[in-house]
Protein chains: 2
Amino acid sequence: MAHARKQVRGKQLVAKVMAATIAEMARVGAEGLSIEDVAARADVNKTTIYRRWPTPHVLARQAMLCASEISSAPIDTGSLRGDLSEWAHEFRRIATSPDMQTIIRMRFGAPARGRMSALTTDLEEKKHARSRAILRRAVKRGELPRGADTELLHDVVLGALLYLVVFSRKHSDVKRLERAVRLILDGALGPSKLRSRKS
Amino acid sequence: MAHARKQVRGKQLVAKVMAATIAEMARVGAEGLSIEDVAARADVNKTTIYRRWPTPHVLARQAMLCASEISSAPIDTGSLRGDLSEWAHEFRRIATSPDMQTIIRMRFGAPARGRMSALTTDLEEKKHARSRAILRRAVKRGELPRGADTELLHDVVLGALLYLVVFSRKHSDVKRLERAVRLILDGALGPSKLRSRKS
């Protein structure tokens, strides 16, 4: 052994390996990820990684799940307005973390049908299920009209948040995000009522 | 001379070199672009390219301007609703072209402060000036309230279009885009009236 590694375990080990994985993915892409390189960067034994994350694919997925803070706790403040505001706050907090910025760039910089895209499909579905639930509950409570196109509303809010927080060169603070969300919500409650799927 | 190249001139030459430039940028990135590689791919003499586009930077910029169809003709149908609908149509047509998809991926996959980002700043400013003009005219005509936050409205529409057309895995046809734009417009005309910049 060239040098004795400090023993790290449990949460500390996981955090170290996850951080090294994201950094390696930023360097070589999802396709090029190697467990040996991650081990070297995290300064842990290869076998320690193989035991928990047997393939680069498993490792990459786990690192992305961690960074995006997939949570099973629903956003449920009791009102649509409150839920959308909380969604905006949470989105901003997570999307501006350095690891998440790396992942977002990899996802949106990658061709639509590549390895990276496949890796994030699952993750996005989990995320979106949670934000879609907000809108479904609003329909149940009667805050949105029955039969409202909640899919469209969801995609418009998500697109606005992504652009304002991640892609625009302008800085958007939380107040600006809340105003964007309110603008869209006013639209959802406005004359067209999100009802018609026809022209 | 190894082989005699067919003489291509004028528009045909420009189109060939622009296409080769985008293809090379997709392969090696904006940083790695070389005039020799572009010449080889386009099957024209290096000197032909150097004469018109003396540096890789000039070449890259020109290719991106071409692909994004920067137009100086304003979108001006006479009504805000009509203009937003035309913006959505035009956005979809241009953003779904293969060259533009490459550019968009490079732009959004690149770090915020790199060469690629610098290359597209200008281009985006030109594009956005044109779409912002739509909203300013609407304020002048009284279709949007005086003092409306047209910047926010602009960014929300743009974010929604980007997500629906480029980043979502779902297909959005023109009707869906128009419904998204109408939803946002209803919001802009709704109770908050885009007026308050305070919480």
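## The interface between the chains

In this predicted model, 45 residues of chain B are in contact with 45 residues of chain A. Together the two chains bury about 3900 Å² at this interface, and 53% of that area lies on carbon and sulfur atoms.

## Symmetry of the two copies

Two copies of a chain are related by a rotation about an axis and a shift along it. Here chain B is superposed on chain A by a rotation of 180 degrees with 0.0 Å of shift along the axis, at an RMSD of 0.0 Å. This relation is that of a two-fold axis. Both copies use the same surface, since 100% of the contact residues of chain B recur in chain A.

Ten salt bridges are counted between chain B and chain A, as are 16 residue pairs in polar contact, with both residues at pLDDT 80 or more. Four helices of chain B, namely α6 (98-109), α7 (115-140), α8 (150-167) and α9 (174-188), each supply at least two residues of the side that touches chain A. The largest share of that side, twelve residues, comes from α8(B). By class, the residues of the side of chain B that touches chain A comprise 18 nonpolar, eleven polar and 16 charged.

Side chains of opposite charge can pair when their charged atoms come close. One salt bridge joins Asp155(A) to Arg176(B), with an N to O distance of 3.1 Å. Another links the side chains of Asp149(A) and Arg179(B), at 2.8 Å from N to O. Asp149(A) is located in the loop between α7 (115-140) and α8 (150-167) of chain A, whereas Arg179(B) belongs to helix α9 of chain B, so this pair joins two chains. Over all chains, the count of salt bridges comes to 37.

## Domains within chain A

Chain A is divided into domain 1, residues 10-66, and domain 2, residues 72-188. Their C-alpha centres lie 28 Å apart. Eleven residues from domain 1 of chain A and eleven residues from domain 2 of chain A take part in the contact between them.

The size of an interface is often given as the accessible area lost when the parts come together. For domain 1 and domain 2 of chain A, the buried area is about 1100 Å², of which 70% is on carbon and sulfur atoms. Which three residues supply more than any other three of the area that domain 1 of chain A buries against domain 2 of chain A? They are Ile22(A), Arg61(A) and Met64(A), which supply 47% of that area.

## Pairing and composition at the domain interface

One salt bridge is found across the interface of domain 1 and domain 2 of chain A. Arg61(A) forms a salt bridge with Asp122(A), the closest N and O atoms being 2.5 Å apart. The count of residue pairs in polar contact between the two domains of chain A is one, with both residues at pLDDT 80 or more.

On the side of domain 1 of chain A that touches domain 2 of chain A, helices α1 (10-28) and α4 (56-67) each supply at least two residues. The most comes from α4(A), with six residues. This side of domain 1 of chain A has eight nonpolar, one polar and two charged residues.

Conventions: Residues are numbered from 1 along each chain as its sequence is written. Chains are lettered from A and ligands numbered from 1 in the order in which they are written. Side-chain values use heavy atoms; hydrogens and water are left out. Copies are superposed by least squares on the C-alpha atoms of residues with pLDDT of at least 70 in both. Contact means heavy atoms within 4.5 Å. Buried area is the accessible area (1.4 Å probe) that two parts lose on being put together, summed over both. A salt bridge is a side-chain nitrogen of Lys or Arg within 4 Å of a carboxyl oxygen of Asp or Glu. A polar contact is a pair of N or O atoms within 3.5 Å; within protein, one must be able to donate a hydrogen and the other to accept it, and residues adjacent in sequence count only if both atoms are side-chain atoms. Ala, Val, Leu, Ile, Met, Phe, Trp, Tyr, Cys and Pro count as nonpolar, Asp, Glu, Lys and Arg as charged, and the others, Gly among them, as polar. Domain bounds come from an automatic or database domain assignment.
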